[in-house]
Amino acid sequence: MKKLFLLTAIIFILSSCGRKGTPLNANEMDQKLGSSVVLVKNEYYYTVDLGGLTLYFTGLDEDGDIANVETELNDITPAISYGTGFFISDDGKIATNSHVAVPQIDDNAVKNNLSSLMSVLVGLYSEEVNKLSDQINELHNYWLRAPSGSDLEASIEEKRAEVKNERDESQSVLDKLRMINTSDVNITTHSRIGIAQNDTHITSTSDFTDCVLISDDSEHDLALLQLKNKRLPEGCTYIDIERYEEEHELAPFNEEGEYIDVDEPQLGEQLYLLGYNLGPALAITEQGIKAQITEGSISQNTDDVKVMYTIPTLHGSSGSPVVDKYGNLICINFAGLDITQNFNYGIKAKHLRNLAHK
């Protein structure tokens with residue numbers, strides 16, 4: 001009986017030792033998870049259908065005015081923003097922030113601006129209609145003086161018909177503009193999203209691999225993208241976002257053999273963020289794209305949604321995975337404090353898990 005008890009104790013001790021975690025330093029974390037992180041590029045613009053006239057624009061400028069307004073698709077130059085994402089599955093799914101995948105715009109601000117813009121457009125189209133009407137009258141006077149039945153008379157009549165058609169089209173748009181209620185218009189976002197893998201070279205937009213938005217949770221600022229071929233690229237790994245119970249074979253443990261509950265991060269816990277601060281400005285090196293690894297610790301377990309930590313970030317790190325020193329996903333970086341870059345927030349991983357399982 002004593003032998004059986006001793007054997008059981010030995011097995012328990014050995015199994016406990018086998019489940020201890022191994023803390024990683026920054027270089028080891030890069031080797032383990034670096035290939036899971038991607039640079040996300042979003043080229044986007046917005047449209048407003050005004051009934052017979054479509055306005056294309058890229059957002060609001062610093063003064064809150066509609067920026068880069070065009071009336072032809074070929075004339076619009078999309079805005080470009082960058083963020084970070086990371087693979088979460090072997091079928092090419094990528095997690096990032098909602099504001100990275102779906103650039104936000106204040107609809108009410110746009111509609112308020114449209115009221116002023118409509119006044120300007122009505123004035124411009126009124127001038128255009130008047131100008132074309134004057135041309136029609138002038139061409140009519142030329143036509144009256146042209147020899148009857150001559151080529152000149154036919155040419156003037158043809159030109160007058162062309163101008164009259166232009167005038168009628170402009171008048172039609174003007175009539176529609178005068179009828180528009182800007183509070184009822186819909187603002188549509190048009191995006192082209194691409195990703196570039198860590199440790200690869202990019203020289204142009206064509207080097208980014210297209211992906212599609214498959215799910216969006218704006219409440220928690222999370223989104224899921226997916227590569228069009230639905231395959232994890234060769235040489236890449238993905239970050240496991242699942243939470244495993246203590247009895248599960250994949251359950252995480254610390255170096256003391258204590259179970260780690262990734263949904264209950266502890267104050268002072270060491271964290272690593274893998275992302276692209278300032279987008280390509282810092283990411284592009286002679287060796288290719290390189291994600292930066294920064295570290296800090298949990299300074300506040302804010303609430304059920306977010307965590308605050310002392311990891312410095314810059315624009316471009318939105319959507320970065322934030323992991324503990326064992327490589328377990330704790331949260332997804334999404335916001336900082338305006339007064340300092342040294343305290344930032346992450347959305348707890350369980351909300352990404354909920355989105356991925358919908």
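How many disulfides does the structure hold? I took a disulfide to be a pair of cysteine sulfur atoms within 2.5 Å, and by this rule I counted 0 disulfides. C211 is in none, for the nearest cysteine sulfur, that of C236, lies 13 Å away.

**Basis of the entries.** I note that this is a predicted model, in which local features need pLDDT of at least 70 and side-chain atom pairs count only at pLDDT 80 or more, while totals for chains, interfaces and linings use all residues. Residues are numbered from 1 along each chain as its sequence is written, and side-chain values use heavy atoms, with hydrogens and water left out.

**Burial of two cysteines.** C211 counts as buried because its relative accessibility is 6%. C331 is also buried, at 0%.

Rolling a probe the size of a water molecule over the atoms shows where empty space is left. I searched a 1 Å grid over the protein atoms alone; a pocket is an open set of points where a 1.4 Å probe fits, with protein on both sides within 12 Å along at least five of seven lines, and lining residues have an atom within 4 Å of a point. Grid points are joined across faces, edges and corners, and a volume is the space filled by probe spheres set on the points. The largest pocket holds about 530 Å³. I found 30 residues in its lining, and K32, L250, P252, Y326 and N328 lie nearest its centre. Helices (H or I, at least four residues) and strands (E, at least two) are DSSP runs, numbered from the N terminus. At least two lining residues come from each of α2 (26–33) and α7 (349–356). I sorted the lining into classes: Ala, Val, Leu, Ile, Met, Phe, Trp, Tyr, Cys and Pro count as nonpolar, Asp, Glu, Lys and Arg as charged, and the others, Gly among them, as polar.

**Second largest pocket.** I recorded a volume of about 390 Å³ here. Of its 16 lining residues, Y44, S81, Y82, H99 and H315 are the closest to its centre. β1 (37–49), β5 (79–87) and α3 (98–101) each give at least two residues to this lining. Which classes of residue line the second largest pocket? I counted 7 nonpolar, 9 polar and no charged residues.

**Nonpolar core.** A nonpolar core is a set of buried Ala, Val, Leu, Ile, Met, Phe, Trp, Tyr and Cys residues joined through side-chain atoms within 4.5 Å. The largest has 31 residues, and F86, L329 and L352 have the most contacts inside it. Among the elements that give two or more residues to this core are α2, β1 and α7. I then looked at L329, taking contact as heavy atoms within 4.5 Å. Leaving aside neighbours within four places in sequence, its contacts include F86, I241, V262 and L352.

H351 is found in helix α7 and is buried, at 8% relative accessibility. Beyond four places in sequence, H351 is in contact with H220, L222, D304 and V305. V100 lies in helix α3 and is buried, at 5%. By the same exclusion, V100 is in contact with V40, N42, G83 and S318.

**Positive phi.** D199, not a glycine, has a positive phi of about 65 degrees. D199 lies in the loop between β7 (187–197) and β8 (209–217) and is partly exposed, at 44%.

Methods. Buried means under 20% relative accessible area, exposed over 50%, partly exposed in between (1.4 Å probe, protein chains only).
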